[in-house]
Amino acid sequence: MLFKKSVMTAAVFAVGSFAVISSANAATDTGAFGVELAVTEICKVNSLTDTHKIDFGTFAAGATVTEASAAAISVNCSTGTGYNIGLLGSGSLSDGEVSPTTVAYKLLKDTGGAEWSNTGTADVPGTGRGMAAEQGNSHTVYASILPGAIDNLKAGTYTDTVNITVTY
């Protein structure tokens with residue numbers, strides 16, 4: 001019986017030794033994975049038809065119409081993104097009648113300055129500063145009606161819509 005206890009004790013110690021040896025010699029392996037975010041360029045035009053418009057005001061027929069400004073176009077683009085703004089309007093204010101009476105006008109880049117194309121061609125450049133509202137780049141559009149253009153007009157309201165295209 002004593003011999004069995006000794007063998008049993010020796011066996012327990014032997015198994016325990018293997019457990020200690022195997023945990024002391026435990027192997028590990030490592031790996032890695034990537035984390036990625038893709039950001040695309042984007043631009044956004046912030047111009048509301050009712051609040052950002054050019055309004056020449058009210059004049060009597062035959063009056064001299066001056067230039068008007070007030071159409072501020074705000075453009076937000078991803079930081080560092082280059083863009084160009086093009087405007088496309090008819091170039092004529094219309095009374096909206098079936099046989100409309102029209103008044104030609106020009107869009108200008110600055111007061112009394114160069115024309116802003118009225119063809120939709122990318123014409124005015126800029127570089128994006130970010131997408132937050134306060135990071136928008138403001139571009140003012142001026143307009144001009146030639147002297148004498150309203151000499152023979154009937155009373156009414158004359159309008160046009162100018163579409164803005166930002167190419168980036």
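Predicted model: local features only at pLDDT ≥ 70, side-chain atom pairs only at ≥ 80, totals over all residues.

Biologist: What is the strand order in the open sheet of 3 strands?
Modeller: The order is β6-β3-β8, with antiparallel pairing. Strands here are DSSP runs of E, at least two residues, numbered from the N terminus, and two strands pair if DSSP finds at least two bridges between them.

Biologist: Which strands stand at the edges?
Modeller: β6 (124–127) and β8 (163–167) do; each has a single partner strand, so one side of each is left without a neighbour in the sheet. On average, neighbouring strands of this sheet are turned by 30° against each other, direction ignored. The axes are lines fitted to C-alpha atoms, and angles run from 0 to 180 degrees between N-to-C directions.

Biologist: How many bridges are there between β3 and β6?
Modeller: β3 (residues 82–88) pairs with β6 over 4 bridges, in the antiparallel sense. Ile85 has Val124 in β6 as its bridge partner.

Biologist: New topic. Is Asn137 buried or exposed?
Modeller: Asn137 is buried, at a relative accessible area of 15%. Buried means under 20%, exposed over 50%, and partly exposed in between, with a 1.4 Å probe and protein chains only. Asn137 lies in strand β7 (residues 137–145).

Biologist: What is Asn137 in contact with, leaving aside its neighbours within four places in sequence?
Modeller: Ile73, Ser74, Val75, Tyr83, Thr127, Gly128 and Arg129, where contact means heavy atoms within 4.5 Å. Val75 is 62 residues from Asn137 along the chain, with 5.2 Å between their C-alpha atoms.

Biologist: Which side chain makes a polar contact with the Asn137 side chain?
Modeller: That of Tyr83, at 3.1 Å. A polar contact is a pair of N or O atoms within 3.5 Å; within protein, one must be able to donate a hydrogen and the other to accept it, and residues adjacent in sequence count only if both atoms are side-chain atoms.

Biologist: And where is Ser78 found?
Modeller: In the loop between β2 (68–77) and β3. Ser78 is buried, with a relative accessible area of 14%. Beyond four places in sequence, its contacts include Thr40, Glu41 and Met131.

Biologist: Last one: where does Glu97 lie?
Modeller: In the loop between β4 (92–94) and β5 (102–108). Glu97 is partly exposed, at 45% relative accessible area.

Definitions and conventions
Residues numbered from 1 in each chain as written. Heavy atoms only, no water.
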